[in-house]
Amino acid sequence: METHSCRVSTQDDNERVALLQGTLDLLILRILIFGQQHGQGIARAIEQQTDGTLLVDHGSLYPALQRLESREWIEAEWGTSENNRKARFYRLTRAGRKQLTAGTSQWYRLSGAIARILGPDQA
Amino acid sequence: MSRRHGPSDDEFREETEAHVALETDRLIAEGLSREDAEITARRSFGNVTRVRERFYESRRVMWLEDLRQDTRFALRSLGRSPGFAVVALLTLAIGLGANTAIFSVVNAVLLRPLAYRDPDRLILVEHPPLGGSPFWLRDAWRARSHTLADLAGFERSASGTLVAGNQPMPVSAAHATANFFALLGTTPALGRTFTARDMQPGASAVAVLSHSFWTRQFGGNPDVLGRTFMLTDMTVTGEERVIVGVLPPDFRFPVADPPGDTPLFAGMQPDVIVLSRDDAFQQVIGRLAPGSTAADASTELSGIFKQAAPAYYRANFVERTRVLATPLQDRLVGETRHRLLLLLAAVGCVLLVVCANIANLLLARVTGRQPEFAIRAALGARTGRLVRMILTESLLLAAFGAAAALLLAYWSNGVLRSLLAARISFVETVPIDWRVLAFTIVVAATTGVFSGLASLMAVGSGYAKSIVAGGRSVTGRTRLRLVLLVAEVAVVFVLVLTAALLSQTLWNLHHARRGFDGSHLLIAGVMPGASGTIPELQNLTSTFFDRLVEQIGRLPAVESVAAASTVPFSGPTMGMSDVSVVGRPAINGTVSVAAITPGYFATMQIGLLGGRDFGRADLPARDRVAIVNEAFVRAGASPLTPGTPIQFDGSQLTVVGIVEDTPDTSLRQPARPFVYVPIAQTVGSHFVFGRLTILVRARGGNQTALIPAIRDAVWALGHDIVIDEVSTMDERVAAVVRTERDSAFLFGLLAAIALVVAMAGVYGVVAYSVSQRTREIGIRTALGASHRQVVTGIVRESAWPVVFGIGIGGATAVVATRAVASVLFEIRRTDPPTYVATAVALILTALMAAWIPARRAAGVDPVAALRVE
């Protein structure tokens, strides 16, 4: 299974948190709920909405975006950004929306199960 | 999964650059300097190059995986319906195989460049009716021409005898001038070819061997260089020659097919090529100077001819004669090009029929898989994906078909080569080279794509709706199937009609009035090899053949014997112009001339229509006599009776007999006017014959058994007399019609294949229609329709596309047969009985093909049928 590197900013710069690929896909889908966005915007959104906990290697977004695009959960077209740059904008499809719902509930079930095994948070 | 919606390589590069730019902008907005912003933006992206590379890689892998998945799936799906796969594959193999086979021949003869240096700059210079060019003319051209870089003389093979170290062997020999090989750019395999030094007085007479002759007779032994031999043939006698070289194995002597039909011996490749140092008439091959065309050369050489010729020829002959320079390849191929292209068109038609059939088969399959497609669509597959699936299947079939086709072409190579060899001697191999491979691949791919697309045409994006609607909406698909069927029948009609026309041509040629009886007739060329002044030569020749005919006539197994300067189908004959009946205007054109011994007409069984044959009384000293044929009488001298004088070759001859017409070089052309003169009376005329053909009619029919006796009789009169071109008249005639026979055979074969394929198509359509309408049939049977009514009903419905196809085919054939009109003989290309017969044949076969599945329909159990939903 592929993993992607993200940096967690509050900790050591050299520490990496391995994210399962399904999770990154889910994050992207979630962010696109709010409307269409280009690659840089998605990366920024992930960083912002996790208050900087997750800093993604922007480049590693693209394999995920391509995967999502080939599954037709997102679709893309060229457009112009706020500051008049040409960029490729992604947007959720109906199938993508359905997948987001299914994926989110699955994630909660999974993380809940793991949490029960690991016990209450010690941090 | 499809990658159709991903970015292209370029787009992705743009996208990543945009990403970095946007991030840079943001960081600048947050207060960083431009430099720092750029660095940080790149760093947070990660390794841009690596991201891009991963993208490119994944795209390629994706594409390959898609292909692999499609192929695997297509294989599985074909495997699930083996019946369809086998039928489709067989049909494709035959269609593609025939095309590849014929194309490989077209390639070998028409497309492949000749094995000379810059072969498209080589030309052949001719001026009919002369069979070659005299020495003074060749000199004049060589000295004065600017359009030619060089020209050489050569003379084709003749049979001769080679004596090397006391070992005589029959060979075919050719002659060439010193610059011949240099002009062609031939590098010898051993030793050298001719040089200018060989022409100097005192130099020994040299010769080169062909590669196959060298391996055959001398075992490929290099010590053959420097050995001498004696060669006796038509133009040289007993000169000792030195072997100075061996030609490479791929060398071909430029032997052109003579105009008209092929005599048996004209096309052989020579075993020995000797340096020609005499003034004989020779064929001329030239190399064009840079920037000149064949047309330029024609004009220039014509001009030089007109300047130089008046010193040698009469003015009106010079006036009438045109010099023609033809590109070598065109001349060597000749009429065969036309026939080969016809064949190619025919196999193309077969392929069309095959395509239509495959499309129909695929269409039935697609329709049958509708439920499967509907499910796939519901599961999210896009139309494009399904199209790709169908195309992969048809391309896969085409690929297998192409492989089978190449195998078939390879296997039929031997047959093709022997078919060709009769006609074109300069092509000995029919290789499967890159052009043939490319052709096969392109044709197979086109067939696959075309058939696949055609089958999908009726399956629009509306098929999912139609499934939902629950009906078997067959209208669109059925219409397409019927259209394809009509097209197939039309094409098959044209093919079968052409084959029928060609077969009738063959029949007509075989039974064409010949005027002579060629059975049990042995013919051989005999050259006494006399020398001396012209009157001496004429005398010697005449007495020689008188004695020879007498000797042979004494043999018990010989019924009759004669000698003649020319016999039918032995090549162009000598002609004479300005012949006229005394007191009337000259006959238009030239009149053929033959010198004969008495008994010629009896031996050939040519009918004597009036007067008498020559006899012992027609001696040189007596009145000059002649016999003419019907064509002569028709040519402007009628009425003509024995006793009429004619003006011929500057003297007056009395016509003593009139004979039936006989063919000259071709069965197709009308007989030419002929004047026969006794050979005894050629003494003192302008005619010199070094060689006559003897004709021997065997008593009781076994003419080949006579050969040794005849050889003995000839050699009794001189032991180095050349006997060549021994054959029977039947063989000569058979050789003449051989091209027709091969054409008719091949066309017939192709037409038969197309017919079978088309009828399989009819069968398929009817069978399909029956299977689709089982319910309806069940209802009709339940309502009281009899077996016969059901069957006739179905058959009648399938009849109209066939009739329609025949109609279109007939109309097309009227136009299309213009291409074969030139090869037909004694039959019009719009011959109504042939059209009717073809139509009837097609209808009958179609009815049969439809009847078989229709019968099965009649066996449908109404109860079971009604239950089918």
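The model is predicted, and local features need pLDDT of at least 70, side-chain atom pairs count only at pLDDT 80 or more, and totals for chains, interfaces and linings use all residues. Residues are numbered from 1 along each chain as its sequence is written, chains are lettered from A and ligands numbered from 1 in the order in which they are written, and side-chain values use heavy atoms, with hydrogens and water left out.

**Stop 1: chain A**

Four helices and six strands are present, in the sequence order β-β-α-β-α-β-α-β-β-α. Here helices (H or I, at least four residues) and strands (E, at least two) are DSSP runs, numbered from the N terminus. Of the 123 residues in chain A, 41% are buried; buried means under 20% relative accessible area, exposed over 50%, and partly exposed in between (1.4 Å probe, protein chains only).

**Stop 2: the interface**

Next, show both chains together. The contact (heavy atoms within 4.5 Å) takes 25 residues from chain A and 24 residues from chain B. About 2200 Å² is buried between the two chains, 49% of it on carbon and sulfur atoms; this area is the accessible area (1.4 Å probe) that two parts lose on being put together, summed over both.

Four salt bridges cross the interface of chain A and chain B, a salt bridge being a side-chain nitrogen of Lys or Arg within 4 Å of a carboxyl oxygen of Asp or Glu. On the side of chain A that touches chain B, helix H2 (39–49), helix H3 (58–70) and strand S6 (86–92) each supply at least two residues. H3(A) gives the most, with seven residues.

**Stop 3: A:Lys86**

Which side chain meets A:Lys86 in a salt bridge? The partner is B:Glu14, at 3.3 Å from N to O. A:Lys86 is partly exposed, with a relative accessible area of 47%, and B:Glu14 is also partly exposed, at 34%. The charged end of A:Lys86 also sits over the ring of A:Trp78, 4.7 Å from its centre; the rule requires NZ of Lys or CZ of Arg within 6 Å of the ring centre and within 35 degrees of the ring normal.

Then select A:Arg44, A:Glu47, B:Glu23, B:Arg26 and B:Glu30, which are linked in a network of salt bridges.

**Stop 4: salt bridges within chain B**

Select B:Asp10 and B:Arg13, whose closest N and O atoms are 3.3 Å apart in a salt bridge. Both residues lie in helix H1 of chain B, three residues apart, about one turn of the helix.

Move to B:Arg388 and B:Asp70, a salt bridge with its closest N and O atoms 3.1 Å apart. This pair links distant parts of the chain, 318 residues apart: B:Arg388 in helix H13 (residues 383–411) and B:Asp70 in helix H3 (residues 48–80) of chain B. B:Arg388 is partly exposed at 23% relative accessibility, whereas B:Asp70 is buried at 6%.

**Stop 5: aromatic rings**

The structure holds 21 aromatic pairs over all chains. Rings of Phe, Tyr and Trp (its six-membered ring) pair if their centres lie within 6.5 Å; planes under 30 degrees apart count as stacked, over 60 as edge-to-face and the rest as tilted.

Select B:Phe493 and B:Tyr835, a tilted pair with 6.2 Å centre to centre and 50° between the planes. B:Phe493 lies in helix H17 (residues 475–510) and B:Tyr835 in helix H25 (residues 832–858) of chain B, so the pair ties together parts 342 residues apart in sequence. Both B:Phe493 and B:Tyr835 are buried.

Finish with B:Tyr600 and B:Phe601, both buried.
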